[in-house]
Structure formats: structure tokens, C-alpha cells
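The following account leads the reader through a protein model, from the contact between its chains to selected local features. The sequence and the structure are shown first.

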Amino acid sequence: MTITPDILATHRLTPDEYGQIVRILGREPNYTELGIFSVMWSEHCSYKSSRVHLRKLPTHSPRVLQGPGENAGILDIGGGWAIAYKIESHNHPSFIEPFQGAATGVGGILRDIFTMGARPIAVMDAIRFGPLDDAECGARNKRILAGVVSGISHYGNCFGVPTVGGETAFEPSYNGNPLVNVFALGIFRHDEVFYGRATGLGNSVIYVGAKTGRDGIHGASMASAEFTEESKQKRPNVQVGDPFMEKLLLEACLEAMRTGAIVGIQDMGAAGLTCSSCEMGSRAGTGISLNLDLVPQRERGMTPYEMMLSESQERMLLVADKGREEEVYAVFRKWGLDAVQVGEVTGDGILRVWHKGAVVAEIPNRELADEAPLYNRPYTTPYKPFPTTAPEFRSTDLTGDLARLMTASDICSKHWIWEQYDYTVRTNTVAGPGLDAAIVRIKETDTSVAMSLDGNGRYCLLDPREGAKLMVAECCRNLAVVGAQPIGATNNLNFGNPERPEIMAQLVEAIEGMAEACRHFETPITGGNVSLYNETLGEAIFPTPVLGIVGLMKTAAPPSLTFREAGREVILIGGLGTTTEAGFGGTQYAKAVLGKLWGTPPALDMEYEKRVQEAAREVVVSGLAESAHDVSKGGLAVALAECSLGGVGVDARLETDLRPEHALFHEGPSRVIVSTTEPGNVLNICERLRVEAVRLGVTMDGRLRIGAWIDTAIPPLRDAWRDALEKQLAD
Amino acid sequence: MRFGVVVFPGSNCDHDAWYAVSRNLGHQASFLWHQESSVGNTDAVIVPGGFSYGDYLRCGAIAKFSPILGAIRRHAESGGLVIGICNGFQILVESGLLPGALLRNRGLRFVCKPVELVPATLNSPFTGALRAGERLKMPVAHGEGCYYADDETLARLESEDRVAFRYVDNPNGSLNDIAGILNEGRNVLGMMPHPERATEPLMGSAAGLGIFQSMVDAFAGAAR
């Protein structure tokens with residue numbers, strides 16, 4: 001078969017890239033080889049547009065045992081224990097087929113964790129949709145949300161990993177391009193770590209798990225293109241997940257690893273058999289010989305091209321010591337799974353694929369896996385489709401504004417979503433969904449892991465660099481309010497088409513902002529995922545980096561988010577903060593009350609933010625806080641309302657020169673609300689750390705009052721907040 | 001007392017149950033693989049939650065054919081204690097050890113949240129250590145937990161005092177707010193809520209311990 005420009009175009013390879021393939025092979029590729037290159041060199045697998053900038057991210061600290069480049073990052077958590085964690089997106093499949101798209105997103109990230117030898121103990125998800133009341137797309141957005149939630153629930157619940165938290169946001173820019181980012185975390189001991197490396201000449205390459213079918217072919221390439229009208233035809237590109245099979249695979253893999261016969265293992269995710277074999281070979285500097293006739297197949301008559309590119313789920317490739325294969329097979333037999341030798345490790349560095357007695361592909365592993373083209377794509381200044389100055393506005397009903405914000409889609413309770421997730425299985429969940437950070441204890445130690453996911457597309461659209469910094473700060477603050485110390489991060493970069501210079505500029509600035517902030521907060525990024533081409537019919541999503549931060553704490557119940565008793569002092573650690581007219585334009589008030597977006601994100605002083613976090617953490621760890629909650633979306637008034645949802649409110653006074661809308665609803669960072677019986681000790685800590693602390697007032701039963709501006713009974717506010725999402729879905 | 005925790009392919013609360021009775025209750029516990037045909041020296045069997053055999057066909061429908069189920073049946077027939085939790089309850093119902101059926105939740109969605117139960121009888125080896133009217137807080141986490149039985153069966157369960165627990169605020173549409181039931185011999189309990197997830201304050205509640213403690217007390221009483 002001759003390779004025509006049409007064939008290249010359908011494989012999304014450029015003529016230059018094709019030239020590079022010919023140079024590597026020293027000849028024209030055949031069709032199978034072209035397919036193999038096309039998936040490995042897709043944006044999704046090769047990060048070819050982002051890699052030059054990803055290098056700017058901090059990746060080291062004394063705790064980092066494994067940085068980017070493996071299936072997941074690994075951090076030392078002391079006592080001989082370690083955590084593996086990573087976030088990954090499944091945006092494109094979730095638009096085409098929400099249930100399976102989201103479900104296999106969970107499945108993929110779980111395999112990334114246990115392929116390293118770690119047992120997954122927590123999942124979180126960051127999901128974004130178009131507005132549920134969108135005039136044109138509302139009905140579809142509801143279907144997508146329900147499908148995605150149900151897919152995550154189906155997969156995680158059956159697998160038996162708790163989904164302990166996450167975040168949900170709505171913007172019209174996600175109408176044709178929902179975001180599904182799934183974070184997973186697992187634990188193991190240092191000596192239980194496995195890598196995806198095909199070492200040892202003559203060792204056996206073993207295929208385990210589900211059979212290979214025709215599903216998901218070119219999934220990685222699909223995730224590297226914009227959506228057009230034709231995308232609706234791409235449903236067969238979406239894989240189908242089987243969480244039961246994955247659960248068996250987990251138990252069998254962890255048990256097989258304990259035999260000592262396994263030298264390397266990698267899951268078959270994006271680009272399936274191709275990616276797992278060439279990456280394992282490349283990392284070890286070896287070659288791999290594969291015989292496709294031995295691959296367990298679900299369908300008859302599959303071509304080498306189809307088998308190499310299939311993204312059938314719940315499959316792993318492992319390398320076992322020659323002569324010890326039977327030990328591995330025995331474990332898989334016990335769990336009722338296929339395990340067959342499909343090849344061996346060779347010394348020539350070549351991925352050599354056999355089919356019906358003939359060699360059908362012959363490609364050097366290293367060039368295929370690591371020498372994908374690198375693009376330093378041109379970038380200008382970030383795309384900014386909004387006014388820079390504020391519109392005129394004046395509120396006539398501030399209590400009414402608060403009520404409106406509490407039912408706004410980004411702020412209202414998401415219990416409709418997370419009650420569909422089993423968040424208590426494994427009995428480690430110390431703090432579950434709906435709180436600032438989730439906490440999972442490690443039973444074998446006195447340590448718990450706290451984690452938080454955050455993203456803010458609005459801030460990042462206004463200023464990708466500052467928005468990314470604010471995101472890092474917020475994530476770390478979420479950990480501080482439960483008393484945890486952040487130690488590492490993973491990022492998911494969701495952007496539009498990088499071939500557009502103003503979109504590329506968003507990506508570059510967000511990465512640089514994130515790099516600066518992660519250095520400042522000492523949270524190295526040990527891996528993550530880049531999802532580009534999130535555009536539909538030329539409309540890009542808001543630039544949406546999502547960060548997952550993990551931290552450590554001594555196992556203990558954290559303070560509650562809500563006030564617990566009347567008569568307690570309420571202190572705002574960090575002070576009232578301030579804003580400008582322009583800096584108010586990215587707030588939830590601007591969005592939900594005014595229906596506008598303008599200006600800049602709030603200003604962040606990272607030095608001050610860090611001191612505020614230290615103060616909050618010290619107050620919490622010393623047991624001084626009966627409740628603690630950070631100020632974020634919706635500003636101080638919304639944060640105080642959230643603290644009041646348990647029925648105990650506060651009578652607060654604000655001494656400020658700001659106009660009331662700004663004072664109540666500005667989203668300036670570096671603020672944490674605590675209630676305490678020991679205000680003097682809280683103030684002492686703040687003073688020592690040179691952090692402003694404002695005594696807001698005293699808690700009281702049943703009402704929330706803020707100066708002369710807001711006065712409301714709590715039960716109706718709480719009921720409206722609790723039922724808003726379900727109401728919107730039912731409308 | 002020796003607890004045996006059954007492990008089916010797809011069980012995912014097996015370790016939680018083991019941890020609850022061994023670490024938090026302080027008794028012996030071991031695992032029983034689904035292909036075993038005897039419960040060995042186990043005094044009480046726990047059929048844990050999860051998705052046995054992927055819950056293909058119907059929750060618990062395949063598990064009832066496993067070798068260990070025969071062993072559990074014999075254990076129960078000879079008066080041994082059996083507690084089925086969540087998927088375990090579904091399996092006991094499918095295998096006929098308990099009457100009725102567990103249907104899709106009334107809301108048609110999986111539901112995970114803390115609920116409150118009250119013991120509906122103290123006359124059982126699973127509730128003997130509880131107090132009348134005591135509210136027990138523990139999580140539910142299931143998609144198919146709506147207890148259903150025909151009128152006659154329901155009337156029998158009630159008249160024979162075989163409803164073990166009722167929900168205070170019914171999360172799934174179960175008839176008569178039933179959260180757990182006993183067999184005729186009162187030595188087999190099935191319940192949808194998860195007592196093993198409520199066995200220490202850090203989990204948000206330790207109320208589930210009372211159920212396992214009741215079993216220990218009953219076993220010690222019977223042995224005396």
C-alpha cells in the first residue's frame with residue numbers, strides 16, 4: 001500500500017513528520033507502521049506541543065522518588081511507605097459517549113497506579129460542563145453530566161476505590177467540550193515499586209487481562225483533534241470499560257508482583273499494545289519481539305494494524321524472568337484471567353511485530369517512544385475575548401444576592417453527584433466529598449494523605465499566568481485548613497488548539513505561572529496530562545489547568561467546615577483583603593448575579609499567602625479551631641454562609657472602606673475563617689507569622705448576619721443551596 | 001471468636017470486614033476463598049459487600065452457585081452465624097437463605113451516605129447487645145438496596161419478629177423501611193447498611209461494633 005497525502009491526513013501526520021519517519025526507518029513505512037507512528041506521535045501520547053514548556057515545571061524534592069515519565073509519580077511519605085498518584089483527562093470520549101468515556105477514564109488512571117505496584121485508595125474527579133440552563137445546549141449538558149457521573153460511579157464503585165472528592169464547574173465554553181479529569185492515588189512500600197521497563201534479554205513478554213477487540217482504535221489521535229460535525233461518527237473510537245475485570249486485574253497483578261518473577265509491567269492505555277511495548281523497551285534500551293497470533297482476541301480476522309492500535313480496556317503487558325512464567329500464570333489462573341506469552345525481550349532495540357509468520361512492523365523503540373517531533377509552536381498574547389473595565393452596577397438587595405450565589409451552579413451543593421460515588425469503601429475516608437480537602441488515612445501508619453483538586457477557567461481566561469498561580473495557592477490553602485502540609489502535585493492542562501498562537505500563549509503562560517507557584521509552595525509536579533484541541537466548531541474552552549495537590553498530616557479528625565456551637569469567636573485569618581473594580585470581574589458575583597466577565601483575576605501575594613497557610617495550619621494542628629474553611633468562590637459572604645450551613649450562623653461586623661458588593665463578594669485569596677474558643681491563641685499565632693487576623697464576631701444559632709448588609713435565617717438558605725442542582729437537572 | 005470473611009472475585013469490602021472484626025473488635029478473622037467447599041473452623045461467616053462476579057446478570061445471581069455458598073448453607077443449617085452485608089445480603093437473598101428481593105433503589109441511582117437505623121428486635125444474635133430505640137449511624141452504599149417481598153412474606157417477617165433493622169429515613173424505598181432481616185432460625189442476618197464501615201470514631205461512627213459484639217456475646221452464650 002502506498003502512503004498518500006490522504007492517508008497521512010487521516011492519521012494526522014504532517015509531511016515533515018512523515019519525512020522523519022522515513023529517515024528513522026531508512027525506508028517508507030508500511031500501513032501498520034504508519035498507524036503505530038501516528039498514535040505514538042499523537043499530541044496525546046507525545047506531548048509534542050507542550051513538552052518544551054513542561055520542562056519549566058519543578059519536579060524534584062527530597063520526597064520525590066519518581067518524577068514525570070513513568071505511569072505515575074511517586075512520593076515518599078515516611079516509614080518506608082510511598083504514594084503513587086496522577087491525574088488524567090478523558091474529555092473527548094466523554095463528550096462522544098459520556099458514560100463509557102468517563103468510566104474508562106477512571107479505569108485508565110487506576111491502571112496507571114496499580115501498574116506501579118500501588119493499591120489505589122482514593123479517586124477524585126474534576127468535571128466541567130456547559131450550563132444546565134443553556135438555551136441551546138441545556139438538555140444535552142444535563143445528559144452529559146448525568147452520564148459522566150454515572151460512568152465514574154459505575155467504574156469506581158465496582159472496582160472498590162472510594163471517590164473522595166472533586167469539583168464541578170459550569171461555563172458555556174464547555175457546551176461542546178466537557179472536561180473529565182480523574183485523579184487517583186495509591187499506596188505501597190518502597191520495595192514494592194514496579195516500573196514499565198522491559199529488561200533482561202530473552203525474558204518473556206506476557207499479555208494479561210481482557211481480550212483485544214476493535215474498540216478504541218485511534219482514540220489517542222481522536223483526543224488530539226478538534227471536534228467537528230464528523231466527530232459524532234467517532235463513537236466506535238470510545239472504549240468500553242469493565243470494572244469487574246479491572247478489579248480482578250488489580251488483585252492478580254499485585255499478587256503476581258509478590259512472586260518476584262515480574263521485572264517490568266505497564267498497562268495498555270492510550271495506543272494499547274503499541275505504547276506499552278515500545279515504551280517499556282525504550283526505557284530499558286531493549287527491543288521487543290511480539291507475535292500477534294498469540295494475542296488473545298475478542299473478534300476474528302483482526303489485522304495487525306487493528307491489534308496494535310486497539311484501546312480495549314483492562315489489559316496489561318508484563319515482562320517476567322525467563323523460566324519463571326508459570327509462577328505468574330498460576331496467579332492469573334486463580335483470578336480467572338488470560339495470561340499468555342506474546343513475545344520476548346531482544347537486544348537490538350527494535351519493536352518487531354510478527355503476524356502469520358511474517359514481520360509486519362520493525363521500528364526502533366527509542367525513536368518511536370521518545371523521538372517524536374517537538375514543536376516550539378509560535379505564541380503571541382493570550383486570547384482575551386472580554387472587556388478590561390468594569391460595568392456600572394449597584395446592588396439593591398445584598399441578602400438576595402447572597403441567596404442567588406448560594407444556588408449558583410458553581411457554588412451550590414454537589415451532593416446529587418457525590419452521593420452516587422461510594423466514598424467510604426476501604427474505611428479510610430477521614431474527610432470525604434463536599435469539604436475543602438479530602439483525607440484518607442493510611443491504616444498501617446499514623447499518617448493520612450490530604451488531597452485537593454482545583455481549577456478556575458474564569459481566572460485563567462482573564463490571565464492564564466495569574467490564574468494558574470491562584471489555583472496552586474487555593475489548592476495548598478485547602479490542605480492548610482485541614483492541617484496538612486502539601487508535598488506534591490499533578491496537573492492536567494486542558495486547552496484549545498495549540499496551533500493557534502493566542503491559545504498556545506494561554507498554555508505557555510499557565511505553565512509558567514504554575515511553575516512559579518509550585519516552586520514557591522514547594523509542591524513539585526511529578527506528572528500529569530495534557531489535553532489539547534478542546535475545541536468544537538472553532539470555539540475553544542476556557543484555558544483550564546487543573547491541579548491535584550497531595551499533602552501529609554498526622555491521622556486525626558480535622559475541624560469541621562461548619563460552625564459547631566453558638567458563642568464562639570469567628571476569626572478571619574489573613575484579613576479582609578481588597579479588590580479593584582477590574583479585579584472583581586472574575587468573581588462568582590460577576591458571573592451569577594451580573595452575568596458578566598471582565599478585567600483581571602484577584603491579586604495574589606504568594607509570600608503572604610504562604611504565611612496565611614502556615615498560620616491556618618498551625619491553628620488547626622494545635623487544636624485551636626473548632627471549624628475552619630477557606631474563602632474562595634463567592635468571597636467572604638459565601639464562605640461565611642457555607643460555614644453556617646450546619647445551622648449555627650454568625651453575627652459578623654466588617655470594618656472596611658470597600659463598597660458593600662466588593663467587601664462581601666470579592667475573591668481575594670489568602671483568607672481562612674476559623675471559629676474558636678481560644679481567640680487569644682489564634683491571634684498570637686497570626687501575629688508571630690505577621691498575618692493579619694480580624695475578629696469578625698460571634699457565632700449564633702439559626703441566623704447569618706453580616707454588618708447592616710446581610711441578615712437571613714439559615715434553614716431556607718441551606719435548603720435552597722442543597723436542592724439547587726437537583727432542581728436544575730429536573731427543570 | 002473466629003470470623004471467616006468470604007472473598008468472591010469482585011468482593012471489595014472483604015478487607016474492611018476483616019479489619020473491623022480483627023482490629024477494631026479484637027477477634028480472629030481469616031478469609032474464605034469462593035472456591036473452598038468448607039468454612040473450616042469458622043464460627044461466624046461474613047459475606048461482605050462488593051460486586052461478586054461483577055454482579056453480572058443480577059446482583060448475587062452468580063455467587064449463589066459458588067462452592068463456598070454450599071458450605072455457608074451447611075454452616076447456617078447447623079445453627080452457625082452468618083451475616084451478609086450489602087452485596088452479601090443480595091447473595092443470601094438470591095441463594096434463598098433469606099426471603100424477598102433487593103430491587104433498584106427507588107431513586108434509580110446509586111446512593112452513598114450515612115443513614116440511621118434502629119434495631120427492630122433485640123431478640124437475635126446480631127442485636128442482643130443493642131438498646132431498644134438506639135439509633136445506629138452507618139453508611140449505605142448501593143444501587144440495588146430496595147427491599148421487596150410479597151405481602152404474605154412481609155407479614156410473616158413482621159409477625160415472626162424477623163425484621164432486624166429499620167431505616168429512620170428510608171434511602172432506597174425499601175418496604176416497611178426494612179434495612180435488615182433474619183432467617184427463620186434467627187442465625188442468618190442480611191442488611192444493606194455497612195456496620196463494618198462504622199467501627200471506630202475516625203470513620204464517623206462506631207455504632208456498627210454493637211452488631212459484631214452481639215454476635216460475639218451470642219456465640220459465647222451458646223458455647224456456655
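Predicted model: local features only at pLDDT ≥ 70, side-chain atom pairs only at ≥ 80, totals over all residues.

Residues are numbered from 1 along each chain as its sequence is written, chains are lettered from A and ligands numbered from 1 in the order in which they are written, and side-chain values use heavy atoms, with hydrogens and water left out.

Chain B contributes 26 residues to the contact and chain A contributes 29 residues, contact meaning heavy atoms within 4.5 Å. The size of an interface is often given as the accessible area lost when the parts come together. Here the area buried between chain B and chain A is about 2300 Å², and carbon and sulfur atoms give 60% of that area; buried area is the accessible area (1.4 Å probe) that two parts lose on being put together, summed over both. Within chain B, the residues that lose the most area to chain A are Arg109(B), Cys112(B) and Leu202(B), which together make up 26% of what that side buries.

The side of chain B that touches chain A draws at least two residues from each of helix H1 (14–24), strand E6 (111–119) and strand E7 (136–142) of chain B. Helices (H or I, at least four residues) and strands (E, at least two) are DSSP runs, numbered from the N terminus. E6(B) gives the most to this side, with 4 residues. By class, the residues of the side of chain B that touches chain A comprise 15 nonpolar, 5 polar and 6 charged; Ala, Val, Leu, Ile, Met, Phe, Trp, Tyr, Cys and Pro count as nonpolar, Asp, Glu, Lys and Arg as charged, and the others, Gly among them, as polar.

Within chain A, helix H2 (residues 15–25) has Glu17(A), Tyr18(A), Ile21(A) and Leu25(A) as its buried residues. These four lie on the same side of H2(A), because they cover an arc of only 100° around the axis, the arc being that of the directions from the helix axis to the C-beta atoms. On the other side of H2(A), Pro15(A), Asp16(A) and Arg23(A) are exposed. Buried means under 20% relative accessible area, exposed over 50%, and partly exposed in between (1.4 Å probe, protein chains only). The packing partners of the buried residues of H2(A) are helix H1 (5–10), helix H3 (31–40) and strand E13 (358–364) of chain A. After H2(A) comes Gly26(A), with a positive phi near 70°.

How many salt bridges are there over all chains? The count comes to 59, a salt bridge being a side-chain nitrogen of Lys or Arg within 4 Å of a carboxyl oxygen of Asp or Glu. Across the interface of chain B and chain A there are 3 salt bridges. Arg441(A) and Glu200(B) meet through their side chains in a salt bridge of 2.7 Å, N to O. Within chain B, Glu160(B) pairs with Arg162(B), the closest N and O atoms being 2.7 Å apart; Glu160(B) is partly exposed at 29% relative accessible area, whereas Arg162(B) is buried at 6%. In chain A, salt bridges that share partners link Glu70(A), Arg197(A), Glu279(A) and Arg283(A) into one network.

Glu70(A) sits in the loop between strand E1 (64–66) and strand E2 (73–78) of chain A and is buried, with a relative accessible area of 9%. A polar atom of its side chain lies 3.5 Å from the backbone nitrogen of Gly196(A).

Arg690(A) lies in the loop between helix H24 (679–688) and strand E26 (693–701) of chain A and is exposed at 59% relative accessibility. Leu108(B) lies in the loop between strand E5 (101–103) and E6 of chain B and is exposed at 54% relative accessibility.

Technical notes:
Polar contact = N/O pair within 3.5 Å; in protein donor to acceptor, adjacent residues only side chain to side chain.
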